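Please read this briefing with the sequence and the structure side by side.

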Amino acid sequence: MTEKTQKQCIEYKMRQPRIEKVVVNLNIGKSGEPLERAVRVLDELSGQTPYKAKAKKSIRDWGIREGEPIACVVTLRREKGLAFLKKVLPVVDNKISKRSFDEIGNFAFGLKEHIDIPGVKYDPEVGIFGMDVCVTVNRPGQRIKIRRKQTKHVGKKHLLTPEESIEYIRQTLGVEIV
């Protein structure tokens, strides 16, 4: 980000990037007791009740039927999302690959074991779960593009670029981009 762009972001409130939401996904692949344990883990980590995502289609070889709950997902917005990221990023050594960012500035990373998160202890009855963390970064005013009523176009100058998103994440969360 150039010096001129940084000054514009400081001057104009609507140009400042922000973390809109953090989506945490624990994909189990089967319903029943393992999914219930994953729901407990995600509820404990996030402080919110996760919802159960259902399979979109049947896969006979894996024993999955269409409509069967196979994952649990929770969406954290604003301060809760930022607090969760600050808790989870030390697990990946505060490093995110540049390839993790998409063309509009969002990024995602995964955790192999939830017990690596500081403050979480191993419980043999629960087990160990991996999770995907997807972060949506945008500017204020992006809602007009996705709302149901009176959808409008967002100009090219207002769209967030990956470079601006990387710089914002670097400054806000102290993350190293490799």
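Is Asp 93 buried or exposed? Asp 93 counts as exposed because its relative accessibility is 58%; the cut-offs are under 20% relative accessible area for buried, over 50% for exposed and in between for partly exposed, with a 1.4 Å probe and protein chains only.

This is a predicted model, in which local features need pLDDT of at least 70 and side-chain atom pairs count only at pLDDT 80 or more, while totals for chains, interfaces and linings use all residues. Residues are numbered from 1 along each chain as its sequence is written, and side-chain values use heavy atoms, with hydrogens and water left out.

**Loop residues with positive phi**

- Asp 93 is in the loop between α3 (78–88) and β4 (95–96); helices (H or I, at least four residues) and strands (E, at least two) are DSSP runs, numbered from the N terminus.
- The phi of Asp 93 is positive, near 60 degrees, and this residue is not a glycine.
- Gln 150 also has a positive phi, about 55 degrees, without being a glycine.
- The loop that holds Gln 150 runs between α4 (143–146) and α5 (162–173).
- Gln 150 counts as exposed because its relative accessibility is 57%.

**Salt bridges**

- Side chains of opposite charge can pair when their charged atoms come close.
- A salt bridge here is a side-chain nitrogen of Lys or Arg within 4 Å of a carboxyl oxygen of Asp or Glu.
- The whole structure has five salt bridges.
- One of them joins Glu 20 and Arg 77, with 4.0 Å between the closest N and O atoms.
- This pair links distant parts of the chain, as Glu 20 is in strand β1 (residues 18–27) and Arg 77 is in strand β3, 57 residues apart.
- Glu 20 is partly exposed, with a relative accessible area of 21%, and Arg 77 is partly exposed at 41%.
- Lys 52 and Glu 36 form another salt bridge, and their closest N and O atoms are 2.5 Å apart.
- Lys 52 is in strand β2 and Glu 36 is in helix α2 (residues 33–46), so this pair ties together parts that are 16 residues apart in sequence.
- Lys 52 is partly exposed at 36% relative accessibility, and Glu 36 is partly exposed at 34% relative accessible area.
- Arg 139 and Glu 164 meet through their side chains in a salt bridge of 2.9 Å, N to O.
- Arg 139 belongs to the loop between β6 and α4 and Glu 164 to helix α5, so the pair ties together parts that are 25 residues apart in sequence.
- Arg 139 and Glu 164 are both buried.

- Glu 66 is in the loop between β2 (51–54) and β3 (69–77).
- Glu 66 is exposed because its relative accessible area is 58%.
- The C-alpha atoms of Glu 66 and Lys 54 are 7.4 Å apart in space, and the two residues are 12 residues apart in sequence.
- Beyond its neighbours within four places in sequence, Glu 66 is in contact (heavy atoms within 4.5 Å) with Ala 55, Lys 56, Lys 57 and Ser 58.

**Asp 123**

- Asp 123 is in the loop between β5 (107–111) and β6 (131–138).
- Asp 123 is partly exposed because its relative accessible area is 32%.
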